[in-house]
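Subject: Structure handover

Hello,

Here is the structure I promised to pass on. Please open it first, then read the notes below.

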Amino acid sequence: MLRRRRKRDCGCEVRKECTRFQKAVRTFCRNRLALIGAVILVGIVICAVFAPYIAPHSPLEMDLTSLHKPPGTPGHLLGTDNLGRDVLSRLLYGSRISLSVGLVVVSIAGAIGTAMGLLSGYYGGSVDIVIMRLVEIFVAFPFLILVVAVIAVLGPSLYNVMLVLGLVSWPLYARLVRSEVLAIREFPYIEAARAIGAGNTRIMFRHVLPNCLSSVLVTAAMSMAGAILSTAALGFLGLGVQPPTPEWGMMLNEAKQFLRRYPWEIFYPGIAIMLVVLALNFLGDGLRDALDPHLHR
Amino acid sequence: MLAYVVRRILIAIPVLLGITFITFALVSFAPGDPISSMLMSGEQLNPDLADSLREFYGLDRPWYVQYATYLGNLLRGNLGISIASRAPIGESVRQFFPNTMLLAFSSMLIALLIAIPAGIVSATRRNSLFDYGSLTLAMFGVSMPSFWLGLMLMLLFGLRWRVLPVYGMGDWSNGLWDIIRHLIMPSITLGAAMAALLVRLTRSSLLQVLSQEYIRTARAKGLRQSVVLYKHALRNSLLPVVTAAGLQFGRLLGGAFIVESIFAWPGMGKYALYAISVRDYPVIQGTTLIFALSFVLVTLVIDVLYTLIDPRIRYG
């Protein structure tokens with residue numbers, strides 16, 4: 001009996017998911033900006049993965065005979081920096097840092113936030129009150145200031161940046177998931193699941209969670225953009241990834257010191273950051289239009 | 001009304017306690033012994049001296065006693081003493097805080113002055129060239145790192161055309177104009193992302209309100225377009241914009257860190273960054289707390305203002 005029910009339950013869900021998925025893909029593909037975002041992002045991912053094969057030089061290789069070369073110098077397409085390192089190679093390797101920080105931060109924040117929101121929305125009562133007070137406290141800090149303060153105390157490093165950004169940005173997901181759960185909890189199918197004897201854990205993970213995931217995904221795309229911007233900002237302040245690792249924010253910080261004499265050095269890292277963030281924002285917008293059931297007419 | 005304000009203030013109390021607890025705990029995460037980090041690296045640590053210092057600062061007592069002492073000091077307006085300069089932190093905060101607020105509010109003003117008119121035009125001439133243009137610009141504005149924008153502005157207006165000063169905040173003794181000149185670039189840098197966000201919000205919120213039935217009724221009565229737009233639609237559509245502007249205030253404060261470091265603006269961010277560079281933990285603690293408190297206060301004020309704009313909340 002149990003097995004038959006599960007099978008039918010599954011089949012039903014797969015078919016429904018499938019049509020909704022196809023519909024979402026179609027909506028997404030009709031959105032030109034979202035497609036552009038996806039293409040840019042795929043390009044950047046390829047750059048990050050194949051950086052050692054694409055980059056003309058090692059990102060750390062110094063050449064003290066050719067410092068501050070302008071873009072277009074033979075052998076250095078985007079010029080060289082204050083230590084004679086190839087800017088293009090550093091940008092390409094920098095995409096690895098940005099993308100991996102973005103992914104790790106979103107995974108940490110998404111996992112904690114979704115779990116907290118799920119618990120808070122599903123159980124309500126005192127669990128809800130405690131978690132929501134915690135969220136309010138975290139949200140009461142200006143985001144970047146809390147991050148900077150914690151990193152200042154722990155010491156700047158790539159891992160601390162990932163950890164702190166992740167641990168500080170979960171309330172966003174918790175609030176979102178909680179509000180979704182509050183709505184989902186009232187649907188008849190949840191009552192039906194309870195009526196046939198499903199436990200709390202099963203209802204939460206099988207029936208409630210999957211229905212929150214689309215909005216979590218949209219938020220993840222948007223907040224990955226935010227995480228990348230924050231990482232760059234920390235790098236710019238000298239509180240992020242430490243030299244000589246190529247990181248875009250830090251490259252801007254180094255270029256800033258030579259703004260008067262070699263102004264072109266600030267262009268490319270900024271454009272790289274903007275391109276990734278723009279692509280993720282386009283993608284997030286497209287995903288929201290495609291996945292948000294409230295927008296389907 | 002008063003009851004609402006009182007209730008709203010009471011709700012803020014646990015949040016304030018949480019904030020103070022986090023700033024209190026922040027310093028205990030610091031690696032190493034606080035006493036030895038207080039002394040200069042070259043100084044020899046005399047165990048007896050260390051013990052008496054520990055006793056003097058109350059570090060030998062349990063954490064909840066330390067926390068209570070910390071809270072008591074805060075209530076008396078005592079933020080502690082800077083390790084680097086041995087000066088009371090409260091005094092430095094009094095010196096730098098107004099500058100940061102000046103920067104934050106002028107950025108907010110610039111953002112609203114750009115965003116609301118642009119949002120109105122975008123919404124009323126939907127799908128026009130202006131609409132597409134402002135939406136595209138807004139998308140770039142949201143995605144652009146503020147420090148990059150700041151450097152570009154500095155490069156163009158400060159170094160190439162030399163029309164604006166690139167450094168510091170000027171002097172009140174040179175008149176208001178000197179301060180304003182110094183304020184322009186940092187404010188634009190800080191306000192651009194917020195303006196971009198608010199343009200999109202004003203546009204979508206106004207579009208939503210314009211599709212409501214009472215707008216159609218107002219038009220059907222034969223009211224002029226401008227009356228419908230400014231008297232009926234705008235007031236309602238600005239509510240989410242005001243809320244968002246308030247919530248974005250926290251981002252402005254965070255952004256002030258970066259902008260102050262680019263333009264050498266003598267504010268809290270610059271003070272905190274200097275403290276970070278010399279590992280002056282009490283100052284880091286104090287500035288973080290002040291930033292958080294001012295954000296909580298602004299949110300509170302916005303909430304109260306909100307009830308003035310929208311009576312539905314007061315009675316709801």
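A definition to start: helices (H or I, at least four residues) and strands (E, at least two) are DSSP runs, numbered from the N terminus. Keep in mind that this is a predicted model.

**Chain B overall**

By that definition, chain B has 13 helices and 0 strands. Its pattern along the sequence is α-α-α-α-α-α-α-α-α-α-α-α-α. The C-alpha trace of chain B spans about 85 × 55 × 35 Å along its principal axes. Chain B has 316 residues, and 37% of them count as buried. Now take the contacts in chain B with a separation of 6 or more. Residues 24 or more positions apart make up 71% of those.

**Where the chains meet**

**One helix pair across the contact**

Look at helix H6 of chain A, residues 143–154, against H10(B). Their axes come within 6 Å and cross at roughly 45°. H6(A) is therefore oblique to H10(B). From H6(A), the residues are A:Phe143, A:Leu144, A:Ile145 and A:Val148. They meet B:Gly250, B:Arg251, B:Leu253, B:Gly254 and B:Phe257 in H10(B). By class, the residues of this contact divide into 6 nonpolar, 2 polar and 1 charged.

**A helix inside chain A**

Next, turn to H8(A), residues 170–184. This helix has 15 residues. From first C-alpha to last, H8(A) reaches 21 Å, close to the 21 Å expected at 1.5 Å a residue. Is H8(A) enclosed or open, and why? Of its 15 residues, 11 are buried, so H8(A) is largely enclosed by the rest of the structure. The cut-off behind this is that a residue is buried if 20 or more other C-beta atoms lie within 10 Å of its own.

Among the buried residues of H8(A) are A:Trp170, A:Leu172, A:Tyr173, A:Val177 and A:Ile184. A:Arg175, A:Arg178 and A:Glu180 are buried too. Which helices of chain A do the buried residues of H8(A) pack against? They pack against H4 (87–123), H5 (125–140), H7 (158–168), H9 (188–195) and H10 (200–236) of chain A.

Best wishes

Technical notes. Residues numbered from 1 in each chain as written. Chains lettered and ligands numbered in written order. Predicted model: local features only at pLDDT ≥ 70, side-chain atom pairs only at ≥ 80, totals over all residues. Axes fitted to C-alpha atoms, helices over the stretch in contact; angles between N-to-C directions. Parallel < 35°, antiparallel > 145°, perpendicular 65-115°, else oblique. Contact = placed C-beta atoms within 7 Å. Nonpolar A, V, L, I, M, F, W, Y, C, P; charged D, E, K, R; others polar. Buried ≥ 20, exposed ≤ 12 C-beta atoms within 10 Å, placed from the backbone. Expected span 1.5 Å × (residues − 1).
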